[in-house]
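Take a slow look at the structure below before reading on. Then follow the text through it one piece at a time.

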Amino acid sequence: MYLNQLKIACRNIFKHKISSIVNMFGLAIGLASFILILLYVVDELSYDKQHKNADSIYRLVSISDFEGVGEESASAPFPVAPTLMNEYPGMIERVVRIFNFQAPRSLIQLNDKVYNERKLFFADSNFFQMFDYNFIYGDPQIALNEAFAVVITHETALKYFGSENPMGKVFRYEGNFDLKVTGVIENIPSTSHFTWDFMASMSSVKTMFRGKLPETWVWNPCWTYIQLKQDVKQAQLETAFPEFVKKFYYDATKASIRLYLQKLTDIHLFSHLDYEIEPNGNNSYVRILSTIAIFLLIIATINFMNLSTATSGSRTTEIGMKKVIGAEKWQLVIQFLGEALIISFLALVLAILMVEIGLPYFNVLANKQLDLYLFLDPFWFVILILIGIVTGLLSGLYPAFYLSSFQPLRVLKGHFRGSFRSGMARKVLVVIQFTISIGLIISTLTAFDQLHFLRNANLGFNKDAVVFVQVTRNPIIQRFESFKNELLANPDIKAVTSVDDIFGVAHNTHEFRPEGVPEDEWQFYPALVVDHDFVKTFDIQIVAGRDYDRNNKTDAANAMLINEAMVKYMGWGSNENALGKKFKSLGGEERVIGVFKDFNATSLHTAASPFVLNIKEDDRARFFFLKFVAIRIAGNDDKKTLAFIEKTFNQFAPGRPFEYSFLSDELNKQYIEETRLSRFSLGLTILIIFVAGLGLFGLVSYMIAQRNREICIRLTVGAGIKDMFVLFAKEYLWLIVLSNLIAWPVSWIILHRWLENFAYHINLNIGYFVIAALVSVMMTLCIILWRTISAIRSNPLKALRWE
Amino acid sequence: MIKAEKLTKIFRTDEVETTALNAVSFEIKEGEFVAIMGPSGCGKSTLLNILGLLDNPTSGTYTFLDHEVSKSNERQRANLRKHNIGFVFQNFNLIDELTVFENVELPLIYLNMANRERRERVNEVLEQMQIAHRAKHFPLQLSGGQQQRVAVARAVIAMPSLILADEPTGNLDSAHGEEVMNLLNELNISGTTIIMVTHSQRDAEYSRRVIRLFDGQIINENIKKSII
């Protein structure tokens with residue numbers, strides 16, 4: 001019986017070429033997109049699961065909230081980890097701190113090779129007991145036991161040593177210390193919330209800090225990981241945290257600090273804190289992409305349902321006769337489901353081919369290294385087969401029940417006509433398809449507009465033509481004035497300053513005590529350590545008071561600039577009232593000399609908050625804090641200007657690697673997730689429109705084929721292309737109008753909610769709704785016109801004779 | 001074999017009620033060859049559909065092989081059909097996507113007959129119907145007469161005790177029509193009961209009994225003495 005059904009299925013596939021191709025191709029596109037997004041989602045969900053203790057490892061994070069100002073920090077002070085271990089030995093298996101001097105780059109030398117390394121960290125000696133890495137050389141148990149020991153990755157080993165065994169070799173770190181290679185690990189999987197090239201021992205830091213690790217409970221530069229003992233729950237330790245904070249944190253801060261644990265495997269998708277080691281992914285974007293991929297598959301299955309029921313007229317004899325000779329309904333249901341499964345599996349094979357071809361491009365877009373090997377794993381292979389089965393069943397279930405319910409007597413007597421119910425169902429399905437397509441067109445256009453807005457919004461400073469040069473612990477900082485003057489001698493360089501973070505991307509918080517606040521109540525405000533000409537370099541508007549003045553000797557020691565949000569936060573009434581107000585800082589007493597217009601010191605996901613600009617007088621503090629030189633250039637000949645900057649840099653810091661970036665590029669990196677999401681959704685939306693169009697093409701083709709006789713009669717009595725086009729357009733156009741009417745309000749509500757996630761966002765543009773309507777209507781009309789003209793081109797008399 | 005008592009079939013639409021059969025009663029014994037005749041719209045096909053268990057009567061009783069089937073459901077009727085009844089239609093109703101062999105084989109598949117046995121049986125019947133040389137062809141590659149022979153082969157393949165034929169020669173020229181009637185006659189001689197709806201007096205001559213219908217009622221039952 002099954003062989004017979006298989007034969008009929010195959011012959012039907014060949015006989016109805018248009019619907020078979022539409023079905024198979026549509027399903028293949030749907031499945032290919034689904035598989036690609038599945039690979040992406042599986043990858044996103046697999047972060048940090050390679051560590052065997054992943055389920056019991058947590059990161060300690062802290063929220064400092066000073067009446068609405070403060071930070072949510074991914075890192076903690078140095079003493080927190082050992083103190084936790086001492087206090088709760090029954091709950092904690094081990095703690096590990098990771099530290100990098102908050103330096104974006106570390107200078108590494110090996111003979112004549114000098115590099116600014118971005119991924120150099122220091123970790124406690126038990127780092128490799130908590131986290132699992134595959135060692136090529138060395139012993140994970142002891143690799144970080146000694147001071148100045150360093151473990152490197154295979155890639156780093158190749159970069160510095162080629163095929164030589166690097167064990168025991170020595171790197172020069174920051175020109176002062178020697179780091180000895182005690183281990184080499186295989187490259188770190190990309191599915192890690194942070195990756196590193198060098199992991200040195202924490203005891204090295206101790207030596208660098210002259211025998212003692214920092215004991216302050218304010219400075220929080222250590223990413224602190226806690227492995228709980230077996231059977232200890234996250235909540236158990238978290239319950240102890242308030243008491244812990246009360247016991248150990250300073251009186252000034254303890255009331256405002258809250259600690260909690262973050263599951264290691266949740267960090268990548270759910271953590272968006274201050275001081276993350278690397279930017280993380282975004283769970284909601286993963287959800288959005290999965291939803292769009294499912295929509296695409298649904299649209300493809302709807303094509304299948306529509307075409308199967310629309311073309312059922314050609315199978316009435318088969319169905320009727322089988323029933324007459326005794327086939328029962330369930331046998332026919334199984335047959336039609338079998339056919340749907342065959343098409344679905346053929347589509348799956350085609351989809352896998354499409355994925356194989358498309359993966360390299362997708363990987364570039366997604367910045368991942370995904371491959372199809374995932375499906376060699378028995379679990380995922382079964383999932384892949386299940387996807388094929390579910391798609392086949394989804395596509396085939398309605399047609400199977402519809403076709404098998406034909407009354408044999410009626411169909412064999414030629415009384416078959418598509419029932420009103422099935423015609424109605426097809427129309428409902430077309431409306432669903434187009435509602436989704438229209439909604440996605442509107443969403444994609446809005447997402448692109450929002451992204452464009454984020455990139456081009458007025459941030460309160462001029463981001464164009466500003467070059468950042470990396471100078472962490474660089475001698476240039478010690479001779480900064482000479483360096484700056486040398487640069488300014490070039491007319492293509494307009495202003496030069498230095499800062500501790502890339503402005504607009506990241507910043508730290510610093511402790512202050514405003515006038516009138518009790519002695520023990522320090523507050524932490526977002527702040528940047530800057531230098532003279534900061535305001536000039538970034539075109540920031542001073543709205544009250546003045547900028548720093550080099551000629552004013554007291555400015556460096558005790559002058560600060562605050563923003564308007566800070567004035568509002570402090571309740572000082574007007575900007576002018578703020579002038580002369582005093583703040584205590586760790587450096588002494590500071591005085592507000594100017595108020596500047598609010599700017600966005602981080603991404604536009606969050607609103608501008610109180611902010612402080614501070615300059616440092618002490619040379620040691622300047623050397624520690626100032627990590628970048630910011631140079632505003634004229635923009636006449638960037639290449640020439642950059643060559644000049646590099647030449648000057650090399651004069652002042654010979655042998656140091658020159659590294660620069662444009663501020664606008666750095667700012668755009670903050671929206672990398674949004675950029676990726678927009679590109680993905682654009683691609684998927686184009687595919688969805690294509691698949692929905694393909695389905696409509698199939699339906700219109702069959703409608704015209706069924707009405708061939710009518711077309712011929714109308715033509716022979718004098719109807720023209722226009723008359724026929726209007727006749728057919730009326731059948732479908734109202735469905736598209738209805739789809740628009742449904743899609744518009746739904747999209748409006750969803751997009752309104754999405755935009756509210758951004759502190760700064762565009763207003764929904766009605767134009768995008770109109771564009772979506774036009775695209776859907778024009779596509780429908782084009783398809784109908786095309787098929788009408790094709791039908792009319794055939795000789796009407798010939799068609800009549802066939803009838 | 002068949003006992004119909006006061007069989008009535010009424011078709012209702014929103015506005016019109018049409019009585020296709022009006023209290024028809026008759027009996028047909030095993031081995032009979034009965035022709036049902038009458039003008040268009042007299043209820044011949046409706047009667048055949050009820051006798052073939054493709055439709056239920058509105059009222060009356062219908063006993064087929066000692067089963068009262070007038071109220072049975074589709075599943076029960078399908079089961080009785082596949083074991084006991086073969087159908088021959090005016091327009092053949094062959095499945096275009098299947099070859100001659102596969103079309104004929106179909107009823108045996110639904111009877112769950114083993115593959116080998118099935119093949120033997122199909123080949124035997126195709127030989128008997130003199131259509132074996134066309135086994136691998138598709139219906140559209142055959143002449144009308146050949147198609148109807150395939151349809152007859154399909155009707156007899158499961159060795160039903162009853163064959164219902166609805167205008168079996170209606171779409172055939174006289175030579176092919178005669179061929180098909182001879183086939184039916186041979187089947188009857190070998191013991192199969194045949195009920196045939198026809199307009200053709202010539203075809204009706206092959207039967208042993210003629211039931212004449214007019215406006216849904218039997219107006220005449222004519223038992224013939226001679227066998228053609």
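What follows covers sheets, a helix pair, cavities and a pocket. Keep in mind that this is a predicted model.

Begin with a sheet in chain A. Strands of a sheet pair through backbone hydrogen bonds, either parallel or antiparallel. In this sheet the pairing is antiparallel. Four strands take part, in the order β15-β23-β14-β24 of chain A. The sheet is open. Which strands stand at the edges? They are β15 (493-499) and β24 (660-662) of chain A. Each has a single partner strand, so one side of each is left without a neighbour in the sheet. The sheet also twists, by an average of 25 degrees from one strand to the next.

Look at one pair in detail. Strand β15(A) is joined to β23(A), residues 628-633, by six bridges. The two strands run antiparallel. To place the pairing by eye, find Thr497(A), which stands opposite Ala630(A) in β23(A). Helix α17(A), residues 480-488, lies across both β15(A) and β23(A). The angle between α17(A) and β15(A) is about 160 degrees.

Chain B has an open sheet of four strands too. Its order is β2-β1-β4-β5, and its pairing is antiparallel. Here the edge strands are β2(B) and β5(B), the latter at residues 67-68. Each of these pairs on one side only.

Within this sheet, follow β1(B) at residues 2-12 and β2(B) at residues 17-28. The two form a hairpin, with four residues between them. Phe11(B) stands opposite Thr18(B) in β2(B). Helix α11(A), residues 316-324, packs with α12(A) at an angle of about 145 degrees. Their axes are 10 Å apart. The crossing is right-handed. Which residues make the contact? From α11(A) come Glu318(A), Ile319(A), Lys322(A) and Lys323(A). From α12(A) come Leu332(A), Gln335(A) and Phe336(A). By class, this contact has three nonpolar, one polar and three charged residues.

The largest cavity holds about 270 Å³ of space. It is lined by 21 residues. Nearest its centre lie Asn23(A), Phe304(A), Ser308(A), Arg315(A) and Glu339(A). Helix α12(A) supplies the largest share, four residues. Sorted by class, the lining of the largest cavity has nine nonpolar, 10 polar and two charged residues.

The second largest cavity has a volume of about 90 Å³. Residues of both chains line it. Chain A brings Met321(A) and Ile325(A). Among those from chain B are Arg81(B), Phe87(B), Pro107(B) and Arg154(B). Three elements of chain B each supply at least two lining residues: α2 (74-84), β6 (85-88) and α5 (144-156). Which element gives the most to the lining of the second largest cavity? That is β6(B), with three residues. The lining of this cavity counts eight nonpolar, one polar and three charged residues.

Two helices of chain A, α16 (475-478) and α22 (619-625), each supply at least two residues of the lining. The largest share is from α22(A), with five residues. By class, the lining of the second largest pocket divides into 11 nonpolar, four polar and seven charged residues.

Conventions
Residues numbered from 1 in each chain as written. Chains lettered and ligands numbered in written order. Predicted model: local features only at pLDDT ≥ 70, side-chain atom pairs only at ≥ 80, totals over all residues. Heavy atoms only, no water. Pairing = 2+ DSSP bridges. Axes fitted to C-alpha atoms, helices over the stretch in contact; angles between N-to-C directions. Contact = heavy atoms within 4.5 Å. 1 Å grid on protein atoms, 1.4 Å probe; cavity = no way out; pocket = protein on both sides within 12 Å on 5 of 7 lines; lining within 4 Å. Points joined across faces, edges and corners; volume = space filled by probe spheres on them. Nonpolar A, V, L, I, M, F, W, Y, C, P; charged D, E, K, R; others polar. Left-handed = near helix turned anticlockwise from the far one by under 90°.
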